[in-house]
Amino acid sequence: MKQSVNILISGGGTGGHIYPAIAIANELKKRNVNAKFLFVGAKDRMEMEKVPQAGYEIKGLWITGLQRKLTLKNMAFPFKLISSLWNARKIIRKFKPDVVIGTGGFASGPTLKMAQSKGVPTLVQEQNSYPGITNKLLGKKVNTICVAYDGLERFFPKDKIVKTGNPVRQDLIEVSTSRVEAQEYFKINKNQKTLLILGGSLGARAINQLIEKNIEWLVKQHVQVLWQSGKLYYQEYKKYQSLEGVEVLEFINRMDYAYTAADIIISRAGASSISELCIVGKPVIFIPSPNVSEDHQTKNALAVVERNAAILLKQSELDGFVSVFESLLHDSHKQQELSENIKKLALPKATEHIANEVEKLINS
Ligand SMILES: CC(=O)N[C@H]1[C@@H](OP(=O)(O)OP(=O)(O)OC[C@H]2O[C@@H](n3ccc(=O)[nH]c3=O)[C@H](O)[C@@H]2O)O[C@H](CO)[C@@H](O)[C@@H]1O
């Protein structure tokens, strides 16, 4: 890589777009200590807190997505778009990036669009098996598109696609935590099976409702529950903390501990969650969110489920939860099979691979 390089990274809205961005930055920083980084996010969104926590500077644009329904909020959208394009241009002029990386989410649209119009090389990292509108629009002019699933040539020019996988945080790839350490961290019983519930970075209402409905039954099965409720729902569910063997958590900062402590995992099917679960290699029941664009979580989950590497439980079929969970809980052969199969899908070198592609653009 050149001695002094400026790298602009934009992505956010949810953890699923932020953590890949941070992972890519960390890898590039490791390779070139002199590289300068600047992030661009959307004002008031999670990245404005998480990116500085990871040690990077971030600027916020006034931008939101278009609502799918006709709402008053949409009336402000053209103004937000103009304002954010204008501010993205100012940021690019001042920072003079050698490359601009987009990991999806509202802010990456105007940022990469402006970079493209200024002739700065751009790279998009698409985490999902079905791309969001921002990346689809950017895809036509972007130099490189790093993807995690097969079949993305339906949406992007084939010659620009590189299959790298999704960046996964280093602490999850090199899990050095022992199971006992993880159990002690959550203060859980070492002799009981542990079910980890993950609602994605923001928490999932439908999953919380499902667990609430079945929590006493789970306790009766001698299953202890690590329940990530999400920040929005924590106040509503923290009362279940009083049950023996139930830990309700607003947000899990030590996912390495959570994955290590778990015997079975129930999870949304966001892209990073899936990539992490492939590396972790535990039996998983996916409950994809039906409220995301083009139902892409179901498509993400199916890419795993079709290889007999996880179980799919549709949100519309949650009435069947007890029988699905019970048969997995009592079938250690099935658990073993799912664990082995999901591990085969892991792409643990994704971040390095993406960083190589970024370097190619910088040096081109
Ligand atoms: C509702 C919504 O729009 N979801 C989207 C969002 O999901 P979301 O932001 O939930 O994304 P992912 O499932 O991809 O990633 C969640 C990330 O948060 C981390 N984590 C989660 C919970 C926690 O307590 N602690 C923690 O650190 C996970 O380890 C993972 O790294 O972006 C994904 C990636 O584009 C999409 O596939 C999802 O459809």
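**Burial, strand pairing and domain layout of the predicted chain**

Ala 107 counts as buried because 33 C-beta neighbours lie inside 10 Å; a residue is called buried if 20 or more other C-beta atoms lie within 10 Å of its own, exposed if 12 or fewer, and partly exposed in between, with C-beta atoms placed from the backbone. The model is predicted, and local features need pLDDT of at least 70, side-chain atom pairs count only at pLDDT 80 or more, and totals for chains, interfaces and linings use all residues. Residues are numbered from 1 along each chain as its sequence is written.

Ala 107 sits in the loop between strand 4 (99-102) and helix 4. Helices (H or I, at least four residues) and strands (E, at least two) are DSSP runs, numbered from the N terminus. Leaving aside residues up to four places away in sequence, Ala 107 touches Ser 10, Gly 12, Val 40, Gly 41, Ala 42, Leu 61 and Ile 63, where contact requires C-beta atoms, placed from the backbone, to lie within 7 Å. Lys 43 is 64 residues from Ala 107 along the chain, and their C-alpha atoms are separated by 8.9 Å.

Helix 4 (residues 108-117) has eight of its ten residues buried, so it is largely enclosed by the rest of the structure. The buried residues of this helix are Ser 108, Gly 109, Pro 110, Thr 111, Leu 112, Lys 113, Met 114 and Ala 115. Gly 119 follows helix 4 and has a positive phi, near 80 degrees.

Helix 1 (residues 15-31) has 17 residues and should span 24 Å at 1.5 Å a residue; its end C-alpha atoms are 24 Å apart, which agrees. The expected span of a helix is 1.5 Å times one less than its number of residues. Buried residues of helix 1 include His 17, Tyr 19, Pro 20 and Leu 28.

In strand 8 (residues 193-198), five of the six residues are buried, so this strand is largely enclosed by the rest of the structure. Strand 8 pairs with strand 9 (residues 223-228) in the parallel sense over five bridges; pairing requires that DSSP find at least two bridges between two strands. From strand 8 the chain crosses through helix 8 (residues 205-220) to strand 9 in a right-handed β-α-β crossover, that is, with the strands pointing away from the viewer, the path from the first strand over the helix to the second runs clockwise. Strand 8 also pairs with strand 11 (residues 264-267), in the parallel sense over four bridges. Ile 197 stands opposite Trp 227 in strand 9 and opposite Ile 266 in strand 11.

The chain is divided into domain 1 (6-168 + 348-362) and domain 2 (172-343), with bounds from an automatic or database domain assignment. The domain centres, taken over C-alpha atoms, are separated by 29 Å. The contact between them takes 17 residues from domain 1 and 16 residues from domain 2. On the side of domain 1 that touches domain 2, the largest share, four residues, comes from helix 1.

Over the whole chain, the secondary structure comes to 15 helices and 13 strands. Buried residues make up 46% of the 364 residues. Of the contacts between residues at least 6 apart in sequence, 65% join residues at least 24 apart. The C-alpha atoms fill a box of roughly 60 × 45 × 35 Å along the principal axes. The radius of gyration is 21 Å, which agrees with the value near 21 Å for a compact globule of 364 residues; this radius is taken over C-alpha atoms, and the globule rule is 2.2 Å times the number of residues to the power 0.38.

Technical notes:
Contact = placed C-beta atoms within 7 Å.
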